[in-house]
Structure formats: C-alpha cells, structure tokens
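Subject: Structure for you to look at

Hi,

Here is the structure I promised to pass on. Could you open it next to this email and read along?

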Amino acid sequence: MVQRVSRRCRPATRGTAPLSANHEQEDSVSNPMAISRQAGSLLEQARGLALAKFNADQSGKNKDKVCAVAISVVDSSAHFELFSGAPGYGELTGIVMGGGASKQSASQLITHKLTQFLGSEEGGGFSNEQITRHGYDAHGRGAMNCAEPKMYYLLKEHEAQTVRNWVVIPFNYTADQQLVYNAPCKNCRRWVYRHFHPLSGLIARAQKGPEAFEA
C-alpha cells in the first residue's frame, strides 16, 4: 500500500529527534549513538512495511523483485512503498492517474521525467540504452527498472517532497523466501546516496559493508 502524505510533513513528536540532511555529518560526530538508534529503528519499521507489501502482493514473489521503502525523517509516520519492474511502474502510473491524467499521459510523463533525470549528471549520466535495457549491474536490466528511481519520481515530481528528507531502504526475498535488506544496485549507487537522506547510506554500509558502494 502506498500511504499519502500531505505536501508539508508534520514535525515528529516522539521518538529520536529527526536528523536534517544539512546537520547529519555534524550530528554523526557529536551523537553517533543517537544516529545508530534512529537507523536501527527506521530499518525495522521499513522491514515491517516491506513485509506487509510483499504479503499483500498478488503478482508473485521472486528473488529479483525489490520493494523500496521511503520514510520521512521529518515525520516517520509518513512513508511510501513501491516495487521494482513492471509492478512498480504500474503502481506509479496508477498514482499519477489519480491526479486526473490518462494512463497514456501518466506513463509518458513518468518515462520522460525519469529518462531526463537518469540521463543527467546528477542522475548517474546513463545513456538511453543503459536506462531502458542494460545498465551497470549484473542483474542485466536498465536503470529505470529499479524501484529507487520510481520512488524518486513519486517523492519529487508527484508529492513535491524534498527527497533529501527521506530515507530509502530496499528489500527483496531470497530464493528460500526470506525478506532481506537489498542495497541499491550498481545502477542506483550512481545517484541514490547523494539524493536521499544520508541515513540511507549509513544503513547500506551497516547492512552490506563497503560493497554497498562499489561501482
């Protein structure tokens, strides 16, 4: 399920104080324990949200399907979940259609905006071939296939949110049907960590080590 949030997120009123994107580096030095606790709390919250989404999914689990969970550091009750691949694209198209667009125009808008972003330097500098067919990762699919760019579009273009205020935490199922953290792939690593909240990278490093940043 995709939860709607208002154009302006409410301030957090309980739990660990949220970390702003601008002050994360300073806080990581002065209060690393607080950051570690917040990262752990967000990871567990995201795990529960991803599990619920996978359990409700009618399109079938497979080891390649990723569920990207985005949680606001301003208000952790605000969150979104999107799948990778065609299921995620269908979800996102339906959300954009909810604003009054036709299916065709919604699909064209998403494709245009994501192609423009992923082809830019800030989006990874992918070629059209790498965006739609085969990027840098061994999974062999284009950069647009992933859940993370769909989440970026949803937050920035549709919800008018500041992406840097959101932590993105991806999961998938292993072949033996275990839900596991799935660091951004080599396509997404080219841009995800610089656009989403720094806790996204801290969680990736804690879960997967330096390999979560290998190009």
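Below is what I found in it, from the whole chain down to single residues.

First, some housekeeping. This is a predicted model, in which local features need pLDDT of at least 70 and side-chain atom pairs count only at pLDDT 80 or more, while totals for chains, interfaces and linings use all residues. Residues are numbered from 1 along each chain as its sequence is written, and side-chain values use heavy atoms, with hydrogens and water left out.

**The chain as a whole**

The chain has eight helices and four strands; helices (H or I, at least four residues) and strands (E, at least two) are DSSP runs numbered from the N terminus. In sequence order the pattern reads α-α-β-β-α-α-α-α-β-β-α-α. Of its 215 residues, 46% are buried, where buried means under 20% relative accessible area, exposed means over 50%, and partly exposed is in between (1.4 Å probe, protein chains only). The chain exposes about 10,600 Å², and carbon and sulfur atoms supply 50% of that; these areas come from the Shrake-Rupley method with a 1.4 Å probe, and for residues only the protein chains shown count as cover. Looking at contacts between residues at least 6 apart in sequence, 65% join residues at least 24 apart, a contact being heavy atoms within 4.5 Å.

**The sheet**

The four strands make an open sheet in the order β2-β1-β3-β4, with antiparallel pairing. β2 (79-83) and β4 (179-181) are at the edges with a single partner strand each, so one side of each has no neighbour in the sheet. On average, neighbouring strands are turned by 25 degrees against each other, direction ignored. Two strands count as paired if DSSP finds at least two bridges between them.

Going through the pairs, β1 (residues 66-72) joins β2 in the antiparallel sense over five bridges, and β1 joins β3 in the antiparallel sense over seven bridges. A70 is a handy place to look: A70 stands opposite F80 in β2 and also opposite V168 in β3. Three bridges connect β3 to β4, which run antiparallel, and here F171 stands opposite Y181 in β4. These two strands form a hairpin with five residues between them, and Q177 in the turn has a positive phi of about 65 degrees.

How many residues of β3 are buried? Eight of the eight are, so β3 is largely enclosed by the rest of the structure. W166, V168, P170 and N172 point one way from β3, while V167, I169, F171 and Y173 point the other way.

**Helices on the sheet and against each other**

Helix α6 (residues 147-158) lies across β1, β2 and β3 (166-173), at about 140 degrees to β2. Helix α8 (residues 199-208) lies across β3 and β4, at about 35 degrees to β3. Axes here are lines fitted to C-alpha atoms, for helices over the stretch in contact, and angles run from 0 to 180 degrees between N-to-C directions.

Helix α6 also meets helix α3 (residues 85-97): their axes come within 10 Å and cross at roughly 10 degrees. The two helices are therefore roughly parallel to each other, a label used for angles under 35 degrees. From α3, the residues G85, G88, Y89, L92, I95 and V96 meet K150, Y153, L154 and H158 in α6. By class, this contact has six nonpolar, three polar and one charged residues. Here Ala, Val, Leu, Ile, Met, Phe, Trp, Tyr, Cys and Pro count as nonpolar, Asp, Glu, Lys and Arg as charged, and the others, Gly among them, as polar.

S84 sits in the loop between β2 and α3 and is buried, with a relative accessible area of 7%. Apart from its neighbours within four places in sequence, S84 is in contact with D64, K65, V66, N145, C146, A147 and K150.

G125 is in the loop between α4 (103-119) and α5 (128-132) and is partly exposed at 38% relative accessible area. Its contacts, again leaving aside neighbours within four places in sequence, are L118, G119, S120 and Q130. G125 and R190 are 65 residues apart in sequence and 8.5 Å apart in space, C-alpha to C-alpha.

L109 lies in helix α4 and is partly exposed, with a relative accessible area of 37%.

How values were computed
Angles under 35 degrees count as roughly parallel, over 145 as roughly antiparallel, 65 to 115 as roughly perpendicular and the rest as oblique.
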